[in-house]
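Here's a quick walk through a few strands and helices. Keep the viewer open as you read.

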Amino acid sequence: MKKPEKYLRILARQYPTERSVITELVNTQAILNLPKGTEHFLTDIHGEYEQFNHVLRNGSGSIWQKIEEVFGNSETEGAKKDLATLIYYPAERLDIIRSKEKNLDNWYAVTLHRLVLMMRRVSSKYTRSHIRKMMPPDFSYIIEELITEKEEISDKTAYYNSIIQTVLRVGAAEPLIITFCSLIQDLVIYHLHIIGDIFDRGSGPHLIIDKLMNYHSVDIQWGNHDIVWMGAAAGQGACIANVLRMAVCYNTLEVLEDGYGINLTPFVTFAFRTYTGSDSQRMLHAAAVIQTKLEGRLIMNHPEFNMGGRLFFDTVDREHGTVVIDGITWKLNTADFPTLDPKRPYDLSDGEKEVMNRLISSFVHCEKLQRHIRFLFTKGSIYKVYNGNLLYHGCVPLAPDGSFAKVLIYGKEYSGRKLYDILEYWARKGYFSKPGSKDKKRGEDILWYLWTGPCSPMFGKSRMTGFESIFIDDPAAKTEIKNTYYSRLEDCEIINRILAEFGLDGKTSHIINGHVPQQVKKGETPVKCGGKLLIIDGGFAAAYHEATGIAGYTLVSNSRCMRLVVHKKFENMQSAICNETDIVSETITVETFPQRKYMRDTEPGKAMMEHVADLEQLLAAYRDGSISVTAGL
């Protein structure tokens, strides 16, 4: 499409001469013919920092695969294992090597040679300019010379060896090794996708986000456990109460206190003063009651959410110790609700109001939490279409007949992709709108609905049985019915319709999502509908390992195939460093592409092709005189 002259004149500021346009054209056109970079997909990390960190460092086995390709049978298994562990944890392994290696200079020289060979391999899909941008400036010259020169050519042998020997002589071997290892980690994965649920259950979500904020290329599809924290950071009371309740349930209060510096003293003091039982029971009951009250007011304010069955305190009979839910009377394991006013069951007591005011202030004014949540908004979305794949955390809500469920949002019905779009619109309003404004209040309520609503694409269940899990012992009360989506995963007509709704071709595209752990030991498989849909939640969080029988899935998509990596339990980082224990993984090839994929076949490639077309128009304008070569100066 021909661009207006005004646009070309703006482009001319960046490329003010014919030669600058030609140089950029040649460079961009060459990049388009490089192989597609490797994409790495992770989901449902749930605060498991050490395992996440290791999987990121080893690229779900991609680094080991490159080591095999480079060295094959030319090195022993032990030597290859040493090299892999060094690449994963360079600084830590160097501490160990330094204490036990007798001839360090020889070890440094051999290791640098091996790392150079690895760098050449992993950098083969990138231009020199791309590699140069990723290098730290201090070592860019040395690294570039080592990975581009051919030491086996006689005229270059002395030059190559001189670089290595000088590095050793001046004591720069270790920082250079660490730089090489970090670059190999970065280059083996071109782009990272996190398909939701960074938060809750594990003790390190803040550490995970710190690492993601420094990652070279990443996008995030929000999960319901992320969105509840996003709502909490926005100051939404019910979301804060949910975050607090889960921290008590999973014994991860240190995430709030130490990770984010949230002051929990007023809450703990109130819980201990008001409730009886063990310390954890007191805090759990205090959080759950506050949550139930705040959620009750939201439900009454939004009848369109269709959550009237969650108004528990209307039916609590403290004398008989029962509650009525959906017409069924259930026995409570406690009738100790000292702050419950039967006449106004969803009003907070004075003590609860004080606790919530303090918590809201702490969440809203926590600089680190706000920085993390802004990162999630900047790099994240409810769904993403990327390289022919549709990525989302939970589901596309379906009606019982398999059609897209119609959901009423502020007076208008939405379904399919439009439902996703309007919910994301309001989620962003809930965080970014002016405090006290109508839009902010509406957006905050949607953030809570996305966490727990029956037609939330992030949740996708009839109800979240938090109240039942705490106050009712009968397991029959804790049933959560999944959306129709989950019973139609093998229905190719529906899967194709979902792909088409998001502008994708059902013959070549895939849906990749998480949210529901696949119980491998019961025979469940993440590959659905002949490979059109992949649910890559294999129970990354330790809380799920027993149920799933594994320690999570990751997905790797390179220029030739898509492969699913099945991980066994990760022992710990210390064992990986000291004993060289990698995660034992099994690889399943999901699809081998009929033709190798190149950068021109990717989302970034499409943008580059548009750029090429614009440059060609600018070049023609320079040559026919319609734009002067001085226009950009």
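## Before you start

Bear in mind that this is a predicted model.

## Strand β1 and its two partners

Let's begin with β1, which covers residues 39-42. Which way do its side chains go? Glu39 and Phe41 point to one side of the strand, while His40 and Leu42 point to the other, and all of them are buried.

## An open five-strand sheet

Elsewhere there's an open sheet of five strands, in the order β7-β8-β11-β13-β12, and its pairing is mixed. Which strands stand at the edges? They are β7 (383-386) and β12 (527-528); each has a single partner strand, so one side of each has no neighbour in the sheet.

Take a look at the β12 end. There, β12 pairs with β13 (residues 533-535) through two bridges, in the antiparallel sense. Follow valine 527 across and you land on leucine 534, its bridge partner in β13.

## Helices α19 and α20

Now for a helix pair. Two packed helices are described by the angle between their axes and the distance between the axes. For α19 (residues 367-379) and α20 (residues 416-432), that angle is about 155°, and the axes are 12 Å apart. The two are therefore roughly antiparallel to each other, and α19 passes α20 in a left-handed crossing.

Which residues make the contact? From α19 they are Gln370, Ile373, Arg374 and Phe377, and from α20 they are Ala427, Arg428, Tyr431 and Phe432. As for the spacing along each helix, an α-helix has 3.6 residues a turn, so residues three or four places apart point the same way.

## Helix α9

Last stop: α9, residues 140-148. Why call this helix largely enclosed by the rest of the structure? Because seven of its nine residues are buried. The buried set is Ser140, Ile142, Ile143, Glu144, Glu145, Leu146 and Ile147. Note that two glutamates, Glu144 and Glu145, are on that buried list.

Technical notes:
Residues numbered from 1 in each chain as written. Predicted model: local features only at pLDDT ≥ 70, side-chain atom pairs only at ≥ 80, totals over all residues. Heavy atoms only, no water. Buried < 20%, exposed > 50% of the residue type's maximum accessible area, 1.4 Å probe, protein only. Helix = DSSP H or I, 4+ residues; strand = E, 2+ residues; numbered from the N terminus. Axes fitted to C-alpha atoms, helices over the stretch in contact; angles between N-to-C directions. Parallel < 35°, antiparallel > 145°, perpendicular 65-115°, else oblique. Left-handed = near helix turned anticlockwise from the far one by under 90°. Contact = heavy atoms within 4.5 Å. Pairing = 2+ DSSP bridges.
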